[in-house]
Amino acid sequence: MACGGGCCCCSSAGRLNADNARFLLLAVLIVLYMLCGAAVFSAIELPTEREAKERWEERLENFTRRHNLSRAELRLFLREYEEANVAGIRVDDIRPRWDFTGAFYFVGTVVSTIGFGMTTPATVGGKIFLIFYGLIGCAGTILFFNLFLERLITVIAYVMKSCHERQLRRKGVLPHNGRRGSGTSEVDSLAGWKPSVYYVMLILCVASLIISCCASAMYTPIEGWSYFDSLYFCFVAFSTIGFGDLVSSQNIKYESQGLYRFGNFVFILMGVCCIYSLFNVISIVIKQSINWILKKLSCKCCHRCQRRLFRSRRNVVMPGNVRSQRNISIETDVVNESDTDGRRLSGEMISMKDFLASNKVSLAIMQKQLSETANGYPRQMSCNSKQNGFSGGVGALAIMNNRLAETSVDR
């Protein structure tokens, strides 16, 4: 153990690697986030639900008295209407659900994982086919969204590189007749121009906001929704949440119907791509934040353990080239993954295997150093070695040799 058995927090951290710690911390944060969300939505929506239920019970009672119906008969009729509603029957006239255009709209909600729920298969054959169809379609669409994000990052890198080259040409540093490379050379030239995750997140936020505002401006007059309800529908649809309380393009007739349905398809496609990519980028930022939290926790633990270790092990021979602690930035995904790094950071004497792995010194070089030490060469070449920056060798054995040499000189 890095703490010599004196610190229980470091022993438990040694049993859990960085991935497990990140997973557990993220699970705890998600549960807390869900609890907070449940409390907020319950406080906001529960009074409205109770009022609506009281109004419905009052209307139901008045209707049964006015038409001399029993409660049981009326509830039976309402259950039959609910079954018809599931099959796609509505009070107002709506478009057919299972003609070719309606079916195409349905499969679009399936493969995009939106799933509004206003159209569902009623037959056993349709349900079985949906399982296999959705399995392949959803996987392919998710792959398409990931490739969309990669292409977006490439375009941003190309624009950044082009703007930088244009500035250099204006300053006269870069010649104006420089020809661009093609193929692999062009891709390699963009390797150092990957944009920051925060820039990509900002661009996706702006793009999603513009698409949502434009789509809402289209939905408000055509669907008869308020502008806020249209924005709400855009987020629910683009984020593939798909509650189904508001669904576009469901009326049987629209003005400029073909153009509206094409615009609806384009806006949903672009919105889903942008929002899905935005979710991916935000997840990277969340992962970086979790790494930063784990780094802070591990730093406090390591400092506490090092103080205890140095008090109890003052006479331990220390390695010569103990690697300094890595400066783990917020972009680093791994925090002290190996036990060897923990032993080096704690100051404990390392084994020969760890010594060879950390300093990358071959056995032949170590044998040469030992033979030179036995023949007395280190004393004669001490000045040259200091000038070369080695100070009498490399590693823990070199420090032991230096100490032996100093003892013999004093004698």
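In which handedness of crossing does α7 pass α8? In this predicted model, the crossing of α7 past α8 is right-handed. On the α7 side the contact is made by I211, S212, C213, A215, S216, A217, Y219 and T220, and on the α8 side by Y227, S230, L231, F233, C234 and F238. Sorted by class, that contact comes out at 10 nonpolar and four polar residues, with no charged ones.

As for the geometry, a pair of packed helices is described by the angle between the axes and the distance between them. Helix α7 covers residues 197–223 and helix α8 covers residues 227–238; they pack at about 125 degrees, and their axes lie 8 Å apart. The two helices, α7 and α8, are therefore oblique to each other.

Next up is the pairing of α2 with α3. Helix α2 takes in residues 18–66 and helix α3 residues 71–86, and they pack at an angle of about 115 degrees with 10 Å between their axes. Here too there is a right-handed crossing, with α2 passing α3. What makes the contact is W56, E57, L60, E61, F63 and T64 from α2, together with R71, L74, R75 and L78 from α3. This contact of α2 with α3 splits into five nonpolar, one polar and four charged residues.

By class, the lining of the largest cavity has three nonpolar, three polar and two charged residues.

Terms used. Residues numbered from 1 in each chain as written. Predicted model: local features only at pLDDT ≥ 70, side-chain atom pairs only at ≥ 80, totals over all residues. Heavy atoms only, no water. Axes fitted to C-alpha atoms, helices over the stretch in contact; angles between N-to-C directions. Helix = DSSP H or I, 4+ residues; strand = E, 2+ residues; numbered from the N terminus. Parallel < 35°, antiparallel > 145°, perpendicular 65-115°, else oblique. Left-handed = near helix turned anticlockwise from the far one by under 90°. Contact = heavy atoms within 4.5 Å. Nonpolar A, V, L, I, M, F, W, Y, C, P; charged D, E, K, R; others polar.
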